[in-house]
Amino acid sequence: KLQLVEGEVFVDRRNTEKAVSVATEGVTFTPDGTTFSVTAHKSAYTAYVYSGSVTASGEKVAEKVTAEAGKTISAVADANGNVTAKSDYFSVNALSDWQIGKLQNCGIDGEFYFTTDDINKVVANRAAEKEAAQKALLAAQ
């Protein structure tokens, strides 16, 4: 069990049978042959499922939630530590540069919710937006 207090962790479980889970203060994320990441900040936790599935559970989790590839699990703890978790779809555009970098390094295969081309389009669009913003800034001076 990996303990995550605050920050982000990326897990690629495709090529191992070893059990692993990511435990935060309020919820434990357990993967099933999965590539996923978990972000933890104060009493809010988010798991992004890239391939396979992940289940969120724990003593104070009102109801276990399982998310398949292409979904997130958002979990929020109240003042008493009770956790409400829900699952929803995410867009590749919603991924942080850190997440995209990890995905590019892990080797996206057919089990993923998206393709390498999808990731490359987001990277190219962000680079073009940054370049346009820099040109606009220089033109304004």
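**Entry 1**

I looked up Phe10 and recorded it as buried, because its relative accessibility is 19% (buried means under 20% relative accessible area, exposed over 50%, partly exposed in between, with a 1.4 Å probe and protein chains only). The model is predicted, so I note that local features need pLDDT of at least 70, that side-chain atom pairs count only at pLDDT 80 or more, and that totals for chains, interfaces and linings use all residues. Residues are numbered from 1 along each chain as its sequence is written, and side-chain values use heavy atoms, with hydrogens and water left out.

I then searched the whole structure for aromatic pairs and found six. Rings of Phe, Tyr and Trp (its six-membered ring) pair if their centres lie within 6.5 Å; planes under 30 degrees apart count as stacked, over 60 as edge-to-face and the rest as tilted. Phe10 and Tyr50 are a stacked pair, with 5.8 Å centre to centre and 25° between the planes. This pair links distant parts of the chain, since Phe10 is in strand S2 and Tyr50 in strand S5 (residues 44–57), 40 residues apart; helices (H or I, at least four residues) and strands (E, at least two) are DSSP runs, numbered from the N terminus.

**Entry 2: Tyr50 and Phe114**

I recorded Tyr50 as buried because its relative accessibility is 0%. Tyr50 also pairs edge-to-face with Phe114, at 6.1 Å centre to centre and 70° between the planes. Phe114 lies in the loop between helix H1 (97–106) and helix H2 (116–140) and Tyr50 in strand S5, so the pair ties together parts 64 residues apart in sequence. Phe114 is likewise listed as buried, with a relative accessible area of 3%.

I noted one aromatic cluster formed by Phe10, Tyr48, Tyr50, Phe90, Phe112, Tyr113 and Phe114.

**Entry 3: Glu6**

I located Glu6 in the loop between strand S1 (2–3) and strand S2 (7–12). Not counting residues up to four places away in sequence, Glu6 touches Ala40, His41 and Lys42 (contact means heavy atoms within 4.5 Å). I also checked Glu6 against Leu103, 97 residues apart along the chain, and their C-alpha atoms are separated by 21 Å.
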